[in-house]
Amino acid sequence: MKVVIQRVTGASVSIDGSVVGNISKGLLVLAGFECADTDDDLEWMCRKLTGLRIFDDADGVMNLSVKDIGGEILIVSQFTLMASTKKGNRPSYILSAPGEIAEPLYEKFKSMVSADLGREVECGRFGADMKVSLVNDGPVTIIIDTKNKI
């Protein structure tokens, strides 16, 4: 599992011109899944995501988590995160889990994050053509891959 986390002052996702997910201050999370991902990967990423200290404290030091600030989370599935660009100029998505595997992982991950955050997360729609808008705060953007835990 791989995620791109962006600290935002606002983010939304739209499908066919209608907003389906919207947050103010918090985290926009683009999430990609591969066939080898397990519940352990989801749990580890969930803990990492909700505990990541990337919000400023009173002294302007990134020392607070999204939970500490009462922030929101918007999770959007994005299979292209699993792209391999080693050969040629056309990305290969062979590592990306097919929909029948990725969608249950995505749904389970959203549930885990909601439970850990203590409130429902906002989300896109799996497999849909989505338009994502955001205001990156900082900018702060972090990439985390469960295959690089150590």
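**Legends: fold, surface and cysteines**

**View 1. Secondary structure of the predicted model.** The protein has two helices and eight strands, where helices (H or I, at least four residues) and strands (E, at least two) are DSSP runs numbered from the N terminus. Read from the N terminus, the order is β-β-β-α-β-β-β-α-β-β. The radius of gyration is 15 Å, close to the 15 Å given by the globule rule for 150 residues, so the protein is as compact as a globular protein of that length. This radius is taken over C-alpha atoms, and the rule is 2.2 Å times the number of residues to the power 0.38.

Residues are numbered from 1 along each chain as its sequence is written. In this predicted model, local features need pLDDT of at least 70, side-chain atom pairs count only at pLDDT 80 or more, and totals for chains, interfaces and linings use all residues, while side-chain values use heavy atoms, with hydrogens and water left out.

**View 2. Burial in the protein.** Of the 150 residues, 43% are buried (under 20% relative accessible area; exposed is over 50%, partly exposed in between; 1.4 Å probe, protein chains only). Among contacts (heavy atoms within 4.5 Å) between residues at least 6 apart in sequence, 73% join residues at least 24 apart.

**View 3. Cys 46 and Cys 123.** The structure holds zero disulfides, a disulfide being a pair of cysteine sulfur atoms within 2.5 Å. The cysteine sulfur closest to that of Cys 46 belongs to Cys 123 and is 15 Å away, too far for a bond. Cys 46 is buried, at a relative accessible area of 6%.
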